[in-house]
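Visitor: Could you take me through this structure slowly, giving me the rule behind each term as it comes up?
Guide: Gladly; here is the structure, and your questions can follow.

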Amino acid sequence: MNGQFPLGGRISGGRLATTLGDWRQSGSRRGAADLASAIELQVLDGRLPVGTRLPAERELADALGVSRTLVGAALDRLREHGLVASRQGAGSWITFPQGGRGLRLAPTDRLDLIDLSHASPPAVPALLPAFDAVRGVFAAELLDHGYHVRGLPVLRERIADRYTARGLPTSPEQVLITNGAQHALALVLRALVGPGDRVLLEQPCYPNTAGAIRAAHALSVPVAVDPHDGWDVPGIDAALRQAAPRLACLAVDFQNPTGHLLGAEDRERLGAALARARTPAVVDETLAELDLRDGAEPVPPLAAFARDWAITVGSAAKSYWGGLRLGWIRAQEDLIDRLAAARCTLDLGSPVLEQLALAELLADPEPALRARRTEIRGMRDALVAAMREHCPEWTFRVPDGGLSLWCRLPEPMSTRLSVAAANHGVLVAEGARFGVHGGLERWLRLPFSLPPGRLREAVRRLGVAAASVLSAAPAIETSAGAVT
């Protein structure tokens, strides 16, 4: 993104001053270095997404109560490290140095390897009985051609009933069955987004969402999701107005990786903002059924507030099993027609047997989902207890649902820690993978999708790996070699 025109919104001098807080560390003699380091930390933490336009030097100097010379020197330092780009007439904005991206893996032949790079629990026990129950129906399907571009009617009807029960009246004609949520997103991008179009995306985000946007040759416009407070709905509203994206991609139900849940009032505000901007939003509900709150009132889907501006994507992967490879799109009927037509150039439908099994599970979904939530709640609590024992200096909020902890590390070392952890038999995805343009070196996602005993052992090894990283020689500044 270096040298390109910024795509994000603008942050005012006063707001940036508040975000930076008490940024002076070394007295007045190193003010420029301290200010540059404070801004860099906000970038690495994801609070200043790539593309954010910075206030003018004079405005920021006035807000911070320092000289314009000090602010200019700090920006010069950030430009040298590739964290800020400037253009005459356009001002300055946050960028990020280009570099390699990818998870570093340990040798996969290690027998005691613990994989924490995937947030995917094993199959629910009810899955095999569901396959047994539909054998007779499947035998009848063998006499037909087997192609169902929109999906089996019985499955579309039961998914529609599930949405209606959650407070979003839905007909089967508003549902398209896909080969998972990622396939659903690719279909929507194919139908609605062209090369060079802007797509609003959360920061941090699910890595495969950012990858799908890149594959569509579109440009991601990041909006920050605060690790503690969640979405800044007024900030999203401003970004919608300023960047004019063609599409937004949001996950407001136990967002991956932060685990945040957007409340009903904020959903209403967000839905109104999308309608005002006339920006459709793909809403990923992959984790919506994994609500671990005891007795809490369910939050209606975002589409109940955003109406036709929300294109809801769901999946069986986390609720039932990742290997089931079934998802769906819930949208207005004319868009479903467009998506079905676009699909025929990619594939001709989803597997029939798997659709029948999922329809069987959805005939009475609560028993299997209740058991799944109980299982995941136990794994979450085991991971939290292990973290407090073996990594007490790491901070995180305990999520009300989803499948992961979003952990703040004691220093920017996520990429180095992922390498060290692999050497100790634990695979983790470094924070940079969840950044729209990298960064997030102070963060690490830890899924709670393994048995409690495995989680405890994984965290013990992580604690040892983290100690080895912290005791090593002083690290090179992350701004000079960050993973993007």
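**The sheet and its strands**

Guide: Strand β11, residues 327-330, is covered on both faces, with G327 and I329 buried on one side and W328 and R330 buried on the other. This is a predicted model, in which local features need pLDDT of at least 70 and side-chain atom pairs count only at pLDDT 80 or more, while totals for chains, interfaces and linings use all residues. Residues are numbered from 1 along each chain as its sequence is written, and side-chain values use heavy atoms, with hydrogens and water left out.

Visitor: What makes a run of residues a strand here?
Guide: Strands are DSSP runs of E with at least two residues, helices are runs of H or I with at least four, and both are numbered from the N terminus. Counted in this way, the protein chain has 18 helices and 14 strands.

Visitor: Which strands pair with β11, and in what sense?
Guide: Two strands pair if DSSP finds at least two bridges between them. Strand β4 (residues 175-178) has four bridges to β11 and runs antiparallel to it, and strand β10 (residues 310-315) likewise pairs with β11 in the antiparallel sense over four bridges. R330 of β11 is the bridge partner of V175 and also of T312.

Visitor: What is the order of the strands in the open sheet?
Guide: Eight strands form it, in the order β4-β11-β10-β9-β8-β5-β6-β7, with mixed pairing. The edge strands are β4 and β7 (230-231), each of which pairs on one side only.

Visitor: Why is T312 called buried?
Guide: Buried means under 20% relative accessible area, exposed means over 50%, and partly exposed lies in between, using a 1.4 Å probe and protein chains only. T312 has a relative accessible area of 1%, and therefore counts as buried. Contact means heavy atoms within 4.5 Å, and T312, which is found in strand β10, touches Y163, V283, E285, A303, W328, I329 and R330, not counting residues up to four places away in sequence.

Visitor: Why does D334 count as partly exposed?
Guide: D334 has 49% relative accessibility, so it counts as partly exposed.

**The whole chain**

Visitor: How do you know that the radius of gyration of the protein chain agrees with a compact globule?
Guide: The radius is taken over C-alpha atoms, and the globule rule is 2.2 Å times the number of residues to the power 0.38. For 484 residues the rule gives a value near 23 Å, and the protein chain has 23 Å, so the two agree. The C-alpha atoms fill a box of roughly 80 × 50 × 40 Å along the principal axes.

Visitor: What share of the residues counts as buried?
Guide: Of the 484 residues, 56% count as buried. Among contacts with a separation of 6 or more, 77% involve residues 24 or more positions apart.
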